[in-house]
Amino acid sequence: MMMRSDALALLKVLIAAAWADNRLSQSEINYLKTLAKRFNLSDTDWLELEPHFEDRPSQPETDALFQDLLSRIATPLGRNQVARHIEEILNADENVTAEEHDFLEHYALTLK
């Protein structure tokens with residue numbers, strides 16, 4: 001089971017990924033809610049994520065979120081799971097834009 005702080009770090013990165021096309025779809029939000037339940041996050045934990053739903057993070061903010069997550073997930077299996085989650089959130093609305101593809105390509109290389 002993923003530690004609470006690691007789950008929050010992952011969800012913050014996934015929110016940033018969802019913002020790659022400059023909008024959050026309901027499908028992407030639903031995917032995040034599903035993961036929050038799977039990771040047994042509380043309502044208070046969800047409140048910590050809510051500011052990230054308000055505005056698209058800047059590139060430096062996204063890089064910082066990603067670096068924080070990478071510092072927590074050191075195993076190849078963990079990194080593969082992160083890449084899978086990024087792919088899944090970008091596919092959640094069944095429309096992967098060029099910006100989302102670029103996001104995935106950039107950060108997937110970092111995970112290798």
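**View 1. Arg4 in helix H1 of a predicted model.** Arg4 belongs to helix H1, which covers residues 4-18; helices here are DSSP runs of H or I with at least four residues, numbered from the N terminus. This is a predicted model, in which local features need pLDDT of at least 70 and side-chain atom pairs count only at pLDDT 80 or more, while totals for chains, interfaces and linings use all residues. Residues are numbered from 1 along each chain as its sequence is written, and side-chain values use heavy atoms, with hydrogens and water left out. With a relative accessible area of 44%, Arg4 is partly exposed, a class that lies between buried (under 20%) and exposed (over 50%), computed with a 1.4 Å probe on protein chains only. Apart from neighbours within four places in sequence, Arg4 is in contact with Leu41, Asp45 and Glu48, where contact means heavy atoms within 4.5 Å.

**View 2. Asp45 in helix H3.** Asp45 lies in helix H3, residues 43-54, and is buried, with a relative accessible area of 7%. The side chain of Asp45 reaches the backbone nitrogen of Ser42 at 2.9 Å. When residues up to four places away in sequence are not counted, Asp45 touches Arg4 and Leu8.

**View 3. The largest nonpolar core.** This core has 37 residues, and Leu11, Leu14, Leu32, Phe53, Ile86 and Ile89 have the most contacts inside it; such a core is a set of buried Ala, Val, Leu, Ile, Met, Phe, Trp, Tyr and Cys residues joined through side-chain atoms within 4.5 Å. Helix H1 gives the largest share of this core, eleven residues.

Note on methods: Helix = DSSP H or I, 4+ residues; strand = E, 2+ residues; numbered from the N terminus. Polar contact = N/O pair within 3.5 Å; in protein donor to acceptor, adjacent residues only side chain to side chain.
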